[in-house]
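The sequence and structure are shown first, and the account follows.

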Amino acid sequence: MIQITKANDLLAAVSKAKEQGLSIGLVPTMGALHEGHLSLIGRALQENDMVVVSLFVNPIQFNNKEDLEKYPRTLEADLELIKDEESRIKNQNTDRLIAFAPTVEEMYPEGQPTEVYHFGPVEEVMEGPRRPGHFSGVAVVVRRLFDLAQPTRAYFGEKDYQQIAIIRALLDQIKYPIELVPCPIVRADDGLALSSRNMRLSPEARAIAPTINATLEQAAEMADYEEVDDVKEWVLDTLSSFHEVNPQPNGLQFEPEYFEIVDARTLQPIAEWSEAGDLGAVGCIAVWLDGVRLIDIVKF
Ligand code: AMP
């Protein structure tokens, strides 16, 4: 693994690889790596000659200052995990994995970027209205990473399902010939989707957090015989009333922010299962637990 902090050094390494006709996989992350991120890195290593993993907490995608300040920064541990993943994948060649960890000034030398992206209906649902400016901030950083790493393929996790639709729309707009590779969610043994935010949960909250995934899995079974609206209502009711059925210490409870059942490509809500198009239907949820906002999905 090579660690690079300067944009020009990354450009130079990528140009050299391109001259040799090598394929490049890009895995954008904000660090605080866990098995979910490592699954993307491992897959990228298997499918490309060279892989760029970016570790950059992108300030312009945070609409909440406290969330940005609280975001875990664990660069040394991240680099060790990347090295472990590299040595786990066979036939490795030590300079085919680049960890790109720039400073904010290096990424945005002109100061706060002024470009704004609009994606229409796909950003007007779920996370979009609740996190104003978030997806535009994601698009700005991802486009810069595309320009620097010039990837053949870019890897994104389905945990951030709407983000994948946004990147698909970004690629349609900028017409870069990059293959978008959505990767399945990696979960803890008890079903909780891995997330750097999980470490902020108290032990009591962590113990009940798998209820989110368990409820979604049950919802997927109900989809065989229940209407869309009934499944939706059941998920929201089950989580909202969980603490009434299972009394919790310290007033701990699930507070769902939204649960939407949408077409997996357009992300528009569906009223009937038959309305879902080529990618099917997906349920997307955001739930507050113990002051932490957790997101997850289920495919129907
Ligand atoms: P983040 O560092 O949280 O911005 O995430 C970087 C990438 O890792 C994004 O594409 C995420 O969707 C993906 N990711 C995060 N958690 C998981 C997970 N549990 N399983 C699979 N991918 C994940």
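In the residue classes used here, Ala, Val, Leu, Ile, Met, Phe, Trp, Tyr, Cys and Pro count as nonpolar, Asp, Glu, Lys and Arg as charged, and the others, Gly among them, as polar. By these classes the lining of the largest cavity has 26 nonpolar, 14 polar and eight charged residues. The model is predicted, so to speak of local features a pLDDT of at least 70 is needed, side-chain atom pairs count only at pLDDT 80 or more, and totals for chains, interfaces and linings use all residues. Residues are numbered from 1 along each chain as its sequence is written, and side-chain values use heavy atoms, with hydrogens and water left out.

A cavity is a set of points, on a 1 Å grid over the protein atoms alone, where a 1.4 Å probe fits but cannot get out, whereas a pocket is an open set with protein on both sides within 12 Å along at least five of seven lines; lining residues have an atom within 4 Å of a point. Grid points are joined across faces, edges and corners, and a volume is the space filled by probe spheres set on the points.

The structure holds two cavities of 30 Å³ or more, and the ligand sits in the largest cavity, in the sense that more than half of its atoms lie within 2 Å of the grid points.

| Space | Volume | Lining residues |
|---|---|---|
| Largest pocket | about 280 Å³ | 14 residues |

Around the ligand there are 17 residues, the closest being M30, G157, D160, V186 and L194, where near means a heavy atom within 4 Å. This shell divides into nine nonpolar, six polar and two charged residues, and its largest share, three residues, comes from α2. Taken alone the ligand exposes 490 Å², of which the protein buries 93%, the areas coming from the Shrake-Rupley method with a 1.4 Å probe.

In the largest pocket, the lining residues closest to the centre are N64, D67, R197, W288 and R293. Its lining divides into two nonpolar, three polar and nine charged residues, and helix α3 (residues 65–70) gives the largest share, three residues.

Definitions and conventions. Helices (H or I, at least four residues) and strands (E, at least two) are DSSP runs, numbered from the N terminus.
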